[in-house]
Amino acid sequence: MAAVTEPPQQAGWFEERLGLASLRAFLAHKTVPVHAQTLWYYFGGITLFLFVIQVLTGTLLLLYYRPSPAEAYESVQFIMTRVQFGWLIRSIHSWSANLMILTAFVHMFSVVFLRAFRRPRELTWLSGVVLLGLALAFGFSGYLLPWNTISYFATKVGTDMAAAVPLVGRNLARFLRGGSDVGGATLTRFFGFHVAVLPGITTILLLTHLALVQKHGMSSPPRVLEEHRRTGGAIPQMPFFPNFFLRELMAWYGALGVLGAMAAIFPWELGVKADPFAPAPAGIRPEWYFLAPFYTLKLIPSHVWIFEGELIGLLGFALLALWWVALPFWAVNSQGVERTRWVTGAGVALVGYLATFSALGYWR
Amino acid sequence: MDEPRRNLVRWLLGGGLSASLISFLYPAFKFMNPPDVPEASVNEVSAGKVQDLKPNTGKIVKFGSLPVLLVRTTETEWRAFSAVCTHLNCTVQYKESSHQMWCACHNGLYNLNGQVVSGPPPHPLEAYSVHIRGDEVVISRRA
Ligand code: FES
């Protein structure tokens, strides 16, 4: 019988158990293209960093938060006034959520304008857009948790939109609310979504997204590729580790600086406790990232032809989202030629719509 | 193994897996659907004393689990409507300056008959009856 072979002695204890050499070799080979647009590569990483901050601060908030209408508002108040650094942790959680959605949008539009969604990265795009949707769902569900007036009405409006979905709308709204109207059951449900369901789905999808980015490497914009093809040179690359990594680290520090400053200078407000028997206060409006649909809803008349306005609005938003998700698939024609103008036009139009309607929703 | 037997095994395995998956998902799915909580049906509530509400003002009254907006339009005239906006479910308020009912969420306006004046609400507000019993204001559902 052959003797069991001993591993070579020179390999270290951890090396023998974890095989870190392959990871090191892998990191040594990973590179990032260097060109005029390299800056935009940092935004995905910043978004990831802010997500990690959300997980950490969210976990801390869980130690004191209580998800019931009688205690939710009071527990957040307790966090902000009695718990040491509670105001800071809660403020960072709110600010980081907003900054994360902002950087995710920047990341997405940079991908559109630099055409990084091109074949074979369609699934990376798809997972990214769904992740943005999840971020918005995080925002919507987390918004209700302090149980204040604004969030109470925002949730009423948001879940009532779901009720406008043909056929299944009523059931969908009931499912979201945990009953026929927004109340304690909704708060408990949204808490569950916010701290368990969404984090679970997001983790899986995020890992997929990162694995795909890893698999395909960083995309170089077609214009940069073209230039180098003409001059005959290859696009210069920088090693991912440590060069790009350290730069990204600096970007994270920058983001942390902005975050800390915002959280400390403009602490997130708590507002007034929700009262189901008080009218919606004047000047009510949602978080900035829902301002564009909010203002659109304000503009749509009560009836469009024989349909109710809210159905038209919902249908419009659904079609817009579908069209956007499908971007990589209509961005090339049947001959495989890129519809460059269409994509740029669509990107500019969407940025334009979001910017103007958000501004109008804010000021009017 | 020959082909038909292999297919049979495949079907058994696939069928078994699907069946167990459904048997897991069905209860989970049913669990997520909130049960109906029967509410004591309310037909009439007291909205306080006559002198508590000045003419040309309104207030929200609890009607079971629903908010109802009671408006005292003049010294002697009272009206009540469901305060739930027919657009997207916000709670409306009385606007003293224009003698209208207003929803702050998307600027929906209703007149004092509950009809939509402007904005996105698709239907009028449901009207309730108001009676004065002695010095007490009583709101009731319309028959
Ligand atoms: S909810 Fe009242 S106007 Fe939209």
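**Notes on the A–B model**

1. Chain A and chain B bury about 2,300 Å² between them, with carbon and sulfur atoms giving 59% of that. Buried area here is the accessible area (1.4 Å probe) that two parts lose on being put together, summed over both. Three residues, A:R174, A:F277 and A:K298, supply 26% of what chain A buries against chain B, more than any other three residues.

2. A word on the basis: this is a predicted model, where local features need pLDDT of at least 70, side-chain atom pairs count only at pLDDT 80 or more, and totals for chains, interfaces and linings use all residues. Residues are numbered from 1 along each chain as its sequence is written, chains are lettered from A and ligands numbered from 1 in the order in which they are written, and side-chain values use heavy atoms, with hydrogens and water left out.

3. Back to the interface: 29 residues of chain A touch 31 residues of chain B, contact meaning heavy atoms within 4.5 Å. The count of salt bridges between the two chains is 1 (a side-chain nitrogen of Lys or Arg within 4 Å of a carboxyl oxygen of Asp or Glu). A:R174 makes a salt bridge with B:D36, at 3.5 Å from N to O.

4. Chain B is split into domain 1 (1–35) and domain 2 (44–140); such bounds come from an automatic or database domain assignment. The centres of these two domains, taken over C-alpha atoms, are 55 Å apart.

5. Have a look at strand β6 (residues 100–103) of chain B, which is covered on both faces: B:Q100 and B:W102 are buried on one side, B:M101 and B:C103 on the other. Buried means under 20% relative accessible area, with a 1.4 Å probe and protein chains only. Strands are DSSP runs (E, at least two residues) and helices likewise (H or I, at least four), numbered from the N terminus.

6. β6(B) pairs antiparallel with β5 (residues 93–95) of chain B over 3 bridges, and 3 bridges also join β6(B) to the antiparallel β7 (residues 108–110) of chain B. Pairing needs at least two DSSP bridges between the strands. B:M101 is the bridge partner of B:Y94 and stands opposite B:Y110 in β7(B).

7. In chain A, helix α4 (residues 72–81) has A:A72, A:Y73, A:S75, A:V76 and A:I79 buried. They sit on the same side of α4(A), because they cover an arc of only 165° around the axis, going by the directions from the helix axis to the C-beta atoms. These buried residues pack against α3 (42–62), α5 (86–113) and α9 (184–216) of chain A.

Note on methods: Buried < 20%, exposed > 50% of the residue type's maximum accessible area, 1.4 Å probe, protein only.
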